[in-house]
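This briefing is intended for a reader who has the sequence and the coordinates at hand. It takes up the surroundings of a ligand and then the arrangement of a sheet.

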Amino acid sequence: MLDEFVDEERIAYFSMEIALRNEIPIYSGGLGVLAGDTVRSAADLELPLVTVSLVSRAGYCHQEINTKGQQIEHPDPWQPEDWATPLDAKIAVPIEGKMVWIGAWLYVLKGHMNGQQPVILLDTDLDENSAEDRRLTHTLYGGDSTYRLKQEIILGIGGVRMLQALGFQIREYHLNEGHAALLALELLRRYAYPKEELRPGESPYNLPRVRDLCNFTTHTPVEAGHDKFSYDLVQQVLGDFIDLATLKLLAGKENLNMTRLALNLSEYVNGVAKRHAELSRKMFPGYRVKSVTNGVHPFTWTHPSFAKLYDTYLPGWCHEPELLARAECCIADEAIWKAHQEAKQQLIKTVKEDTQIALDPALPILGFARRMTTYKRPDLLFTDIERLQAIARQQPFQIVLAGKAHPKDEGGKRLIDLLHAHQRELADSIPIAFLPNYGMDLALTMVAGVDVWLNTPLPPLEASGTSGMKAALNGVPSLSVLDGWWIEGCIEGITGWAIGDGKEGEEESALLYQKLEQVVLPLYFKDSNGWIAVMKGTISKNASFFNSHRMMRRYAAEAYLR
Ligand SMILES: *Cc1c(COP(=O)(O)O)cnc(C)c1O
């Protein structure tokens, strides 16, 4: 079954989470969607990758919104046997002084052209393991830091061992975020010099060899966001897998910092947008950090109504999304508008079914959906309720929201409560719908169906952001704070609009209201040709560039083939 995948050398792509499809709930947000888009583009471009992740049988979390407007989270179990094939190989990794056995599932990602990609999902739910160890691959980002460290051992060390057991020949490793960094420790051991060849006191580890094999993409713009483990915990869980002195040299004196470990053991390192790479260089002086700005998978994130248009006017766009640059000149305004109305109708129908709220297709819809967490500031739009109402009295609009908070993110959960409080407060003036259980399918419905995609993170915390890129594929402009990808994507009034100029200490809510009231809504209501010109600008200038085909061609040329 693996035959067709093991006969050529491959790039091993490691990710803690991955959005393979809507029915497989083993992702929490943008990082997992990026991993999925990476593999989907690799399939279309026929790049030889093999992806490793955890099976996460209990999923991430299923979100219910109760009648009070609070998030209630449930496990989100899935049956790997419905989508994947069990593989025979079993390997073990040392955890707390005993061996934990790991099995694997093969999910074959089928591209929509011809390519296929093998995805290996690691699973400890085996008879050989204790009840506790069987749960280690159940919940994505569940449990405490001990659980997390054990999961990272399974992913990194277990993943490398599993690939070998399955007969894969690996030419390079790609670490999607620091979660996978322990794979480099396994490689250090694999390529260590034999004891007999060492002079007394000499390290057995061949650092250059391992570094040459590893490529690392960092996603976190602040120190506090990096995965860290105390060395006490590491010793308790991992024992003397690698001697402590070496580990401290590679991963930091105080704690095992997964980002530092990955930086020290990767020849190629990149951030996910230009600004993010700059910040990473400041945070970790002395490392060479390139930038490859993220992208989204063209076919996956294009609504069928737009895919039909592009197929007609820009055939080949799925393989060469650069062709979308021609949308501006080659697609008629009426055709763009009609395709958008079709996507908008679908969103309105979803909103009606899920929330009983009836939206008006003639009025603009602002959309905001992503992980609900403090730095994303979903509440910025509601800073001054009276001001918001005053704007809506003159130029009415509607709002659609969605997003899950991590079960332990109290701040994120409070934001969901707060958004629902605003919804009740504004019930008579601004229709606001909160759609439960945000996931891939809902994301496409929203990014294509709204008229404006709102993004208000607290700079510089949004390393890239990708949902605005999905909107661009569907001709939906962004109204966004200048952070992450938008610093590169925003051409004012052409691809969308900036909130403020990205400087610190701005009154961003006031600037948001100003731009909405004086620029965005007047254009929508008074100048439909001008509005469609912006829609076309987002497609021509942004969708043609911020896609994962470009991203993967860059990784292939600059990281994998370096
Ligand atoms: C694209 C996507 C995200 C990422 O959104 P950002 O705005 O980049 O944070 C999160 N969740 C889902 C389901 C997505 O499809």
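The points below are grouped by topic and refer to a predicted model. In this model 14 residues surround the ligand, with R370, K376, T466, S467 and K470 being the closest, and the shell around the ligand draws at least three residues from each of domain 1 (9-63 + 70-194 + 204-295 + 551-560) and domain 2 (304-546).

**Contacts and burial of the ligand**

- A polar side-chain atom of K376 lies 2.6 Å from an oxygen atom of the ligand, and a polar side-chain atom of S467 lies 2.5 Å from an oxygen atom of the ligand.
- In the case of T466, a backbone N or O atom is found 2.6 Å from an oxygen atom of the ligand.
- The ligand exposes 390 Å² when taken alone, and the protein buries 96% of that area.

**Make-up of the shell**

- Two or more residues of the shell around the ligand come from each of helix 2 (30-45), helix 17 (440-449) and helix 18 (467-473).
- By residue class, the shell around the ligand consists of five nonpolar, six polar and three charged residues.

- Six strands form an open sheet with parallel pairing, in the order 17-16-15-18-19-20.
- Strand 17 (432-435) and strand 20 (496-499) each have a single partner strand because they stand at the edges, so one side of each has no neighbour in the sheet.
- Neighbouring strands of this sheet are turned against each other by 20 degrees on average, with direction ignored.
- Strand 19 (residues 478-481) runs parallel to strand 20 and is joined to it by four bridges, and S478 stands opposite G496 in strand 20.

Terms used:
Residues are numbered from 1 along each chain as its sequence is written. This is a predicted model: local features need pLDDT of at least 70, side-chain atom pairs count only at pLDDT 80 or more; totals for chains, interfaces and linings use all residues. Side-chain values use heavy atoms; hydrogens and water are left out. A residue is near a molecule or strand if one of its heavy atoms lies within 4 Å of it. A polar contact is a pair of N or O atoms within 3.5 Å; within protein, one must be able to donate a hydrogen and the other to accept it, and residues adjacent in sequence count only if both atoms are side-chain atoms. Accessible areas come from the Shrake-Rupley method with a 1.4 Å probe; for residues, only the protein chains shown count as cover. Ala, Val, Leu, Ile, Met, Phe, Trp, Tyr, Cys and Pro count as nonpolar, Asp, Glu, Lys and Arg as charged, and the others, Gly among them, as polar. Domain bounds come from an automatic or database domain assignment. Two strands pair if DSSP finds at least two bridges between them. Axes are lines fitted to C-alpha atoms, for helices over the stretch in contact, and angles run from 0 to 180 degrees between N-to-C directions.
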